[in-house]
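Hello,

My notes on it come after that.

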Amino acid sequence: MYSIRAGSVERGLTGEIIKRFEQRGYKLAAIKILKAPETLLKAHYADLAGKPFFPHLMAYMQSGPVVAMVWEGKEAVKTGRVMLGATNPLASAPGTIRGDYSIDIGHNIVHGSDSVESANKEIGLWFPEGVVEYTRPHVDALIYE
Ligand code: DAT
Ligand code: MG
């Protein structure tokens with residue numbers, strides 16, 4: 001589960017971020033733009049509730065619309081984290097999303113689930129209606145050996 005954060009949407013980076021996952025070969029299973037409710041964000045970031053930056057994170061995530069997405073494919077969580085770059089953009093390699101478009105840790109552009117378990121939990125929170133199931137055998141045959 002990925003969310004393009006408030007600020008990134010307003011900066012016009014939505015298409016650029018989507019493009020990277022598309023071009024890599026991942027399959028888009030869900031996407032929407034929304035103003036994230038506080039209850040959703042509190043559940044999403046429950047494990048960070050005690051951190052000193054938590055109030056700022058909550059305010060930032062509510063400062064504008066976010067785009068939530070689910071991308072599927074081989075090692076989508078692990079590889080997605082590599083595509084995002086390090087949590088602190090100053091430590092993110094050029095070529096990563098955070099490394100190319102951000103500077104400060106508190107405004108690091110995009111969220112990505114850190115494990116398959118948390119991805120499933122987050123998909124349930126952000127997409128209670130479920131994701132879209134479809135196959136694309138001809139495309140997958142070109143991407144996967
Ligand atoms: P990640 O988003 O790489 O999984 P995380 O889950 O530890 O990192 O933290 C969630 C977000 O909280 C992170 O993307 C930006 C913010 N954050 C983390 N550490 C921070 C810090 N030391 N100061 C300010 N914001 C921080
Ligand atoms: Mg995290």
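**Notes on the predicted model**

The side chains of serine 113 and glutamate 122 are in polar contact at 2.6 Å, where a polar contact is a pair of N or O atoms within 3.5 Å; within protein, one atom must be able to donate a hydrogen and the other to accept it, and residues adjacent in sequence count only if both atoms are side-chain atoms. Before the rest, the conventions: this is a predicted model, in which local features need pLDDT of at least 70 and side-chain atom pairs count only at pLDDT 80 or more, while totals for chains, interfaces and linings use all residues. Residues are numbered from 1 along each chain as its sequence is written, chains are lettered from A and ligands numbered from 1 in the order in which they are written, and side-chain values use heavy atoms, with hydrogens and water left out.

**Serine 113**

Serine 113 lies in the loop between β4 and α6 (116–126); helices (H or I, at least four residues) and strands (E, at least two) are DSSP runs, numbered from the N terminus. A polar atom of the serine 113 side chain is also 3.0 Å from the backbone nitrogen of methionine 1. Serine 113 counts as buried because its relative accessibility is 3%; buried means under 20% relative accessible area, exposed over 50%, and partly exposed in between (1.4 Å probe, protein chains only).

**Ligand 1**

Which residues are around ligand 1? They are Arg5, Leu48, Phe53, Leu57, Arg81, Thr87, Arg98, Ile105, Gly106 and Asn108, each with a heavy atom within 4 Å of the ligand. This shell divides into 4 nonpolar, 3 polar and 3 charged residues. In that count, Ala, Val, Leu, Ile, Met, Phe, Trp, Tyr, Cys and Pro are nonpolar, Asp, Glu, Lys and Arg are charged, and the others, Gly among them, are polar.

- threonine 87, at 2.5 Å
- asparagine 108, at 2.9 Å
- arginine 5, at 3.2 Å

On its own, ligand 1 has 520 Å² of accessible area, and the protein covers 74% of that (Shrake-Rupley method, 1.4 Å probe; for residues, only the protein chains shown count as cover). Ligand 1 sits in the largest pocket, meaning that more than half of its atoms lie within 2 Å of the pocket's grid points. A pocket here is an open set of points, on a 1 Å grid over the protein atoms alone, where a 1.4 Å probe fits, with protein on both sides within 12 Å along at least five of seven lines.

**Two residues with positive phi**

Most residues other than glycine have a negative phi. Isoleucine 109 is not a glycine, yet has a positive phi of about 80 degrees. It lies in the loop between α5 (97–101) and β4 (110–112). Is isoleucine 109 buried or exposed? Its relative accessibility is 1%, so isoleucine 109 counts as buried. Isoleucine 97, in helix α5, has a relative accessible area of 0% and is therefore buried.

Glutamate 75 is in the loop between β3 (66–72) and α4 (76–84) and is partly exposed because its relative accessible area is 47%.

**Other positions**

Lysine 35 is in the loop between β2 and α2 (38–44). With a relative accessible area of 63%, lysine 35 is exposed. Lysine 35 and valine 66 are 31 residues apart in sequence, and their C-alpha atoms are 6.2 Å apart.

Alanine 30 is in strand β2 (residues 27–34) and is buried, at 8% relative accessible area. Glutamate 129 is 99 residues from alanine 30 in sequence and 10.0 Å from it in space, C-alpha to C-alpha.

Tyrosine 144 is in the segment after α7 (137–143) and counts as partly exposed at 28% relative accessibility.

Regards

Key:
On a 1 Å grid over the protein atoms alone, a cavity is a set of points where a 1.4 Å probe fits but cannot get out, and a pocket is an open set with protein on both sides within 12 Å along at least five of seven lines; lining residues have an atom within 4 Å of a point.
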